[in-house]
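Work through the exercises below with the coordinates open. Try each task before reading its solution.

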Amino acid sequence: MHGGSEQLRRPASEKTPGKGDGAYTLGPMQAGPVCCDPQPLIQVDNLSLRYGAKTALDNVTLDIYRGCITALIGPSGCGKTSFLSSINRLTDLIPGCRTTGRIRVDGCDIHESACDVQALRQRIGMVFQKPTPFPVSISRNIELPLHERGIKRRADTAAIIEQVLRDVGLWDEVRDRLHASALSLSGGQQQRLCIARALALNPQILLMDEPCSALDPIASGIVEDLIGQLRGRYTIVIVTHNLAQARRIANYAAFFWVGGHAGRLVEFGHCRQIFESPAHELTAAYVNGVRG
Amino acid sequence: MAETVPVKSAGIHRDRFAQLTIYIAAFMVCAAFVWILSDIVRGGVAHLSWSFLVDAPRDAGRAGGIGPILVSTVLVLLVALTAALPLGWMTAALLAEYVSADSTFGSAVRYSLQVLAGVPSIVFGLFGNAFFSIYLGMGFSILSGGLTLACMLLPILVSTGEAGLRAVPDAYRLSAAALGMSRKTTLFHLLLPAAAPSLAAGLLLGIGRAVAETAALLFTSGYVDRMPGSLLDSGRTLAIHIFDLSMNVSGGDASAHASALVLITALLLINIAAMRLTAGWQRRKIVPE
Amino acid sequence: MLWLLCGAAGIAAALVLLILLFLSAESWPALRHISIGRFLNDPSWNPGESMYKLTPMLSGTLYAAGGALLLAIPLGIASALFIAYYASPRGAGIYRHLIELLAGIPSVVYGFWGLTTLVPLINQLHPPGASLLAGILVLTLMILPTIALTAHASLLSVPPDYLRGAAALGISRWGMIRGVALPAAKTGIAAGIILAAGRAIGETMAVLMVTGNVVQHAASLFDPIRTLAANIALEMPYAMGDHRAALFVSGLTLMLLVMMLWSVAAQLGRNRDG
């Protein structure tokens, strides 16, 4: 039954064992180079973003590499979240918000009229700081976006629901109460449900906006492990204030800072390099200040 | 402590006096409420029986019951809701989800609904008579009365619906958009269900308002107290029945009392249900935080 | 989808215009045949003989509404203060619900109660009983909930910091209410009072049932009066031609009066938000 459902979703699944300690039944790692041969998946050129008269982001140019985890770090209010939401054009929903510059996802300019924003968002999953399960049942939370995408057959949706709940390690905890309200879950469970909901659309990219900061330390640890497990299968961009966490899970780090009343990108590089031999003195001060 | 008393005593006396006045005012309001209710109950309960509820009125309402009148009341209400609900909730959805709070169209709609909410019911009666009864040729009928009521209910349905939708946290909208769900799906599968208690409370308030209405129906649905055969027949609602018995029929007081008791009981139940819904809804909003 | 919603909203918005249009169209014959001055200066209201003096009814409307406001404003504000600052939480909840239920009682029931209870009582005091006073008392009960509920809502929106600040200065409860809470809430309370005035002016059934409906300028509280709204309800069933049009004129007057009041109230509300 379980095997069958996996087959349904990922027929290419050769019996490759999941990465890590085996706590989660993750699918196989995506084939190809992981991070040593960086291939840009998201290319951001000269992105500026304004809320009314206030500039939140100023001229950011940054490549996000396929299959890697990129952490966005920096103090509050330096535009990390704005950067994240402009990748899936969630900024369109904020009144008075204007972006300039170019963002290409897999080579396509997302601001071009040929780009269907709904399809774009289906390819890019997003997880918010506060868990935001819909006030409906656990299974319905995952079904809603699937229906939207045209996956309506009961057997298909059931298989995907089981698969993604297994992926986030929630299946054994909720298998008996899939029809209970999602609001009855604990904070950590809710956040994992939100991740599962994003995974159900089988996205290429996952955007995570401080996914652990509203959770208690234990739940936070579980979610962090989970994110580590997702490396390779998805391209992940994560905003975090927890530098230790960024160090543990990220391949790349981008350091943002507020300069001249607007957020700017100060430095981007391998996680190790950012933390151990930062090129910019602001980065060094931030990384050391928090560490020391 | 003793030395502070002289300094404060004037303030304390004023404080006591204000408190006393406010308690007396509150007591008077309560007393008036109890007085009205007890008068209606005392006058009506003796005359009330099952046969009063189902029989047809005889002798201009002095004897017999209110069966056909209850039927007309329900029919008028159904016509009003059928017309007003889709219109009201669609407008609410537009105002809350599709236009920004300060757009010209949105504020024009909101302003005219505000005006509509303030229009006296007798003016609705005049309009209904001129437009539905005469211009559209519906005559004195349940249909024309129901449509007139629908105009009156629109503002309530829109404002409660809009408030309910706006109370749904924005996080739901953002997550739904991030999942690539269209606005239509989001609205129907997520936002409207989440706002359902408030929609239901608005519905109940609207029903209460409709059942209580008299002046708007006087020259639209008419006075005829026979069992209506179709929606184009004239039908007398309960509120008009009370009015007619007490003003135009001498010796109709007992029936009027009993009818008033029926009306007021129905309205109290509807209003209490609406309060329960809003209270429960506010509680539920707080809990998941 | 969007067009459907816009259509619905358009209908809702157009309704006000439609009402104004039809009231004006029906009033037109009267406005054409009868000069505005005659509504004020004719010897009496006697449509059978083409005399259309509206002023007694206008004065009746204003007396009744004004008297009711005079009573309902203190009672309503006191009720709001009681809920907000004096009653225990439980008592406040019960009292608030009671006020809401009071608002839900239909006007015909108020009228019926006034007719069977108040009018005989006033009759013992000073015949005939059906009088301006009875109208004022019934209207007071009807508009009190509007004033109390809006006043309570605006008291609730007074920032609690103000009140804590006042309490920290050792100001008494009444001093705090008079010096801090009421001034901070005054625009909201004023808006509520204006809405209540609109309701009092437009109220028909209850007033019709208890005021005796004699067309005259009231000389005392015990004189019967007739209001504009009651006049419409009484004469519409048999009015024809110019008479009917004259009734629509009074309806249009009522509507414009109420619209004006609501615009003022809305303006107050906006100023408070801004």
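The model is predicted: local features need pLDDT of at least 70, side-chain atom pairs count only at pLDDT 80 or more, and totals for chains, interfaces and linings use all residues. Residues are numbered from 1 along each chain as its sequence is written, while chains are lettered from A and ligands numbered from 1 in the order in which they are written.

**Exercise 1. Chain contacts**

Task: find which of the two pairs of chains in contact shares the most contacts, and describe the chain C side.

Solution. Start with the criterion: two residues are in contact if their C-beta atoms, placed from the backbone, lie within 7 Å. Chains B and C share the most contacts of the two pairs. No contact joins them, and their closest C-alpha atoms lie 16 Å apart. Now count residues for B and C. Chain C gives 63 residues and chain B gives 66 residues. On the chain C side, the largest share is the 15 residues of helix 1 (residues 2–33). Then sort that side by class. It has 48 nonpolar, twelve polar and three charged residues. Here Ala, Val, Leu, Ile, Met, Phe, Trp, Tyr, Cys and Pro count as nonpolar, Asp, Glu, Lys and Arg as charged, and the others, Gly among them, as polar.

**Exercise 2. Folds of chains B and C**

Solution. Helices (H or I, at least four residues) and strands (E, at least two) are DSSP runs, numbered from the N terminus. Chain B has twelve helices and two strands. Their order from the N terminus is α-α-β-β-α-α-α-α-α-α-α-α-α-α. The radius of gyration of chain B, taken over C-alpha atoms, is 24 Å, well over the 19 Å that the globule rule gives for 289 residues, so chain B is more spread out than a compact globule. That rule is 2.2 Å times the number of residues to the power 0.38. Chain C has eleven helices and two strands. Its C-alpha atoms fill a box of roughly 70 × 65 × 30 Å along the principal axes. For chain B the box is roughly 70 × 70 × 35 Å.

**Exercise 3. Domains of chain B**

Task: locate the domains and examine their contact.

Solution. An automatic or database domain assignment supplies the bounds. Chain B splits into domain 1 (4–45) and domain 2 (52–286). Their centres, over C-alpha atoms, are 35 Å apart. Five residues of domain 1 are in contact with five residues of domain 2. The domain 1 side has three nonpolar, two polar and no charged residues.

**Exercise 4. Helix 1 of chain C**

Solution. The expected span is 1.5 Å times one less than the number of residues. Helix 1 of chain C has 32 residues and reaches 47 Å from its first C-alpha to its last, close to the 46 Å expected. Now take the bend, the angle between axes fitted to the seven residues ending at a residue and the seven starting there. A kink of about 45° lies at C:Ser27, shortly before the proline C:Pro29. C:Ser27 is also one of the buried residues of helix 1.

Note on methods:
A residue is buried if 20 or more other C-beta atoms lie within 10 Å of its own, exposed if 12 or fewer, and partly exposed in between; C-beta atoms are placed from the backbone.
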